Amino acid sequence: MSLGKMLLSAQGRKPPPASKDHDDKNMSQSPIEGFSDRARLKLVERIGASFNDDISSNELRVKVSEELKLLIAAENLPLNPSEQSKVLSDVINDVLGYGPIESLLQDSQVSEIMVNGTDSIYAEIAGKVVLTDIRFRTNEHLRRVIEKIVSTVGRRIDESIPMVDARLPDGSRVNAIIEPLAVDGPSLTIRKFSKDGLTADDLLASGSLTLPALHFVRSCVQGKLNIVISGGTGTGKTTFLNVMSSFIAEGDRIVTIEDAVELRLRQRHVIRLECRPPNMEGKGEIAIRDLVRNSLRMRPDRIIVGECRGGEALDMLQAMNTGHEGSLTTLHANTPRDAISRLETMVLLTGFDLPTRAIREQTASAVDLIVQLERLRNGKRVVSYITEVVGMEGEQITLNEIFKLHYRNESDQNPTLTATGVRPQHSDKLMKNGVSLDSSIFEGG
């Protein structure tokens, strides 16, 4: 969306008929708070239509700032310099940015923003969720910001489509849900997209994993093992997947498949695919499963699925079993064993009446390694298990723990990922792909 159109869109839709609660809230507004709404509308009337697509962001901000100063002077608001600066910032953010949460979006220390209504806005900073002092003026104000976000990617949100997934221009992941599904008012969640992607050295520096574990994981990626990254919500699965993808050889042809594009691969031979939601008539949906099937016709060396959530798990397993070695994906699960069970459940979601043993045999044959992630009580994200999928023993899939998070005592806030002493059984496959392992990294500590 152009800057001129963005300013025009700030006018928003017409507010719904005012309720008593809405009237009470407006009556309690200070003159400064009321000015923000009036200024936004007057800005659109006075200068909105004059903007064209060629104006730069800085020029637009300067022009808006000049007009706002004239409006403040015209209304003769009793503002000291600091109050005037705040009003200017608030209105500019409202018109050109995303309102009160713009400061959180610009803060590099904030990794997630959770808006639970107009006056309950949380932010995740260094793994800890804290309540901020930021507020929206009304539900209408919050609703307007949500509509602005989703409109930039061609989506809509209203009573007929009351929830939506979208992304900001920088790639940050957005989920919004409004009335009637959100009983207490609109809710907005933003998982921020890091401008500078983490590297393997960053993971080592933060203690997310140890050097021996990193050597092993790098060898497994380079040796084309099929790897599943498992973890709960907010454990850093996509971040870790990004780091692991950096170990893929430059010459490999990679196809990535995601709900919303988040992966940033450094290789040049990459095709990025993104699923598409249904249109307003409920048609035209392209699901992840459709893209996985299509990717098999694109001659990929490796397939990376951002997250398996449903029937696409079956297509992913089939791809891993039919020559697409070195494929990667993530899924939600709390332990490596749970990850295996989750894969089995997702395969059953396809609707095919497959025997349980057949599903487990295919899973055991396809998946070579599970990397389990966890968020500790102190907010730190770490690798808690690196587990090898060995094969079938009777009706069960056999797993070997190669590395495991070791706690020194019950109050240990910084456990260490330690080798269990078990040697991986996929050494032959790694050697076939030109990768050798230093046996010393598996010596238990």
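Before anything else, the labels: helices (H or I, at least four residues) and strands (E, at least two) are DSSP runs, numbered from the N terminus. What you have loaded is a predicted model, where local features need pLDDT of at least 70 and side-chain atom pairs count only at pLDDT 80 or more, while totals for chains, interfaces and linings use all residues. Residue numbers start from 1 along each chain as its sequence is written, and side-chain values use heavy atoms, with hydrogens and water left out.

Stop 1: Select 312–321, which is helix H12. Eight of its ten residues are buried (under 20% relative accessible area; exposed is over 50%, partly exposed in between; 1.4 Å probe, protein chains only), so H12 is largely enclosed by the rest of the structure. The buried ones are Glu-312, Ala-313, Leu-314, Asp-315, Met-316, Leu-317, Ala-319 and Met-320. Show what surrounds them: these residues pack against helix H11 (288–295), E10, strand E11 (328–332), helix H13 (336–348) and H14, with contact meaning heavy atoms within 4.5 Å. Now step just past H12 to Gly-323, which takes a positive phi of about 100°.

**Stop 2: the loop between H13 and H14.** Pick Phe-352, which sits in that loop. Leaving aside neighbours within four places in sequence, Phe-352 is in contact with Arg-289 and Leu-314.

Stop 3: Colour the strands and look for an open sheet of nine, in the order E9-E8-E10-E11-E7-E12-E13-E14-E15, with mixed pairing; two strands pair if DSSP finds at least two bridges between them. Which strands stand at the edges? Strand E9 (270–274) and strand E15 (416–419) do, each with a single partner strand, so one side of each has no neighbour in the sheet. On average, neighbouring strands are turned by 25° against each other, direction ignored. Angles here are between axes, lines fitted to C-alpha atoms (for helices over the stretch in contact), and run from 0 to 180 degrees between N-to-C directions.

Zoom in on strand E7 (residues 227–231) and strand E12 (residues 369–375): they run parallel and are joined by four bridges. Ile-229 stands opposite Val-371 in E12. While you're on H14, click Ala-358. At 35% relative accessibility, Ala-358 is partly exposed, and its C-alpha is 9.9 Å from that of Glu-395, 37 residues apart in sequence.

**Stop 4: cysteines.** How many disulfides does the structure hold? Zero, taking a disulfide as a pair of cysteine sulfur atoms within 2.5 Å. Select Cys-275 and you'll find a buried residue at 14% relative accessible area; Cys-308 is buried too, at 1%.
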